[in-house]
Amino acid sequence: MVYTVTLNPALDYVMKVGSLRYDDINRSDSEEIYYGGKGINVSVILTRLGVENKALGFVAGFTGEKLDKMLKNDGIDCDFNYLKKGYTRINVKIKAQTEIDVNAQGPDIDDDDISKLLNKLDAIKENDFLVLAGSIPGTLPNDIYERILSKLEGRGINFVVDATGDLLKNVLKFKPFLIKPNHHELGDLFGVELNSEEDIVFYAKQLQDMGARNVLVSRAKDGATLIDENSRVTTFPNVEGKVVNSVGCGDSMVGGFIAGYLEKGNYAHALKLGAACGNATAFSEGLAGAQEIKSVFDIM
């Protein structure tokens, strides 16, 4: 069983505008609403690949109800904690001759809300996977990921963390099964610029020395590189295709990697499926479907 945690999910309101003006009213050509949040994206990919999972986290207000309903309508198993006040955030994405993103802050989360989530996590069993993904809202303590992993430490749970900066670095002591920085985030952790695969491998191994078992580095146009716990380095390049979307590619890779590992217990297969999911989402308007993933996997 896989559990994902999204502490600050969102509805993404995407507006397409032919030409954005700053001296008059803009009128959109089309609008779409998508659910968003890194852990939620992982759950969506896992569900589309037939992997049992449950999405956890916080939602609030009528926007939270809408997000919950949209996910359940798509067959995503959710068990969100509803907050007493506030609203799940709406992020506005304007796509014109340039792209403008305005991300909202999200609702207040108090100590009682945190305790209820921590208690719910007690249901996670040995050999299950727990995915902590994304940034945390400003109303949560900076050590919330550490508090979650500290509560579950020693139970044989496979921790997967997709976060940045100190949020990632501070959980390495809990020996996560997998972490997934992109190449820029990996460089930022050490204050360096990574210019080659050798650089990526060198600094990924530094994270292993700090506790991570497997380090998966997404590399944009250069594909993905895995440094696994057996010290093997495996790289999959991207496949040829028209990129129409960059949102959720890394989350898709995490979902595919977990699904691939659960299927065969083999890191090379896990990486291939993860890379296929990331590529397929890049070629899709939203998160990739099972058929799109299979089509990419078959040509990799």
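Mentor: What follows concerns one loop, its contacts, and some related features elsewhere. Please bear in mind that the model is predicted.

The loop lies between β11 (214-218) and β12 (224-227), and Ala220 is placed in it. Most residues other than glycine have a negative phi. Ala220, although not a glycine, has a positive phi of about 55 degrees. With a relative accessibility of 55%, Ala220 counts as exposed.

Arg219 joins Glu197 through a salt bridge between their side chains, with an N to O distance of 3.2 Å. Because Arg219 sits in the loop between β11 and β12 while Glu197 belongs to helix α7 (residues 197-209), the pair ties together parts that are 22 residues apart in sequence. Arg219 is buried, at a relative accessible area of 10%, whereas Glu197 is partly exposed at 29%.

As for the charged pairs, the count comes to 21 salt bridges. Among them is the one between Lys54 and Asp77, at 3.0 Å from N to O. Lys54 lies in strand β4 (residues 53-59) and Asp77 in the loop between α2 (61-73) and β5 (81-82), so that distant parts of the chain, 23 residues apart, are linked. Asp77 is partly exposed, with 34% relative accessibility.

Note on methods
Residues numbered from 1 in each chain as written. Predicted model: local features only at pLDDT ≥ 70, side-chain atom pairs only at ≥ 80, totals over all residues. Heavy atoms only, no water. Helix = DSSP H or I, 4+ residues; strand = E, 2+ residues; numbered from the N terminus. Buried < 20%, exposed > 50% of the residue type's maximum accessible area, 1.4 Å probe, protein only. Salt bridge = Lys/Arg side-chain N within 4 Å of Asp/Glu carboxyl O.
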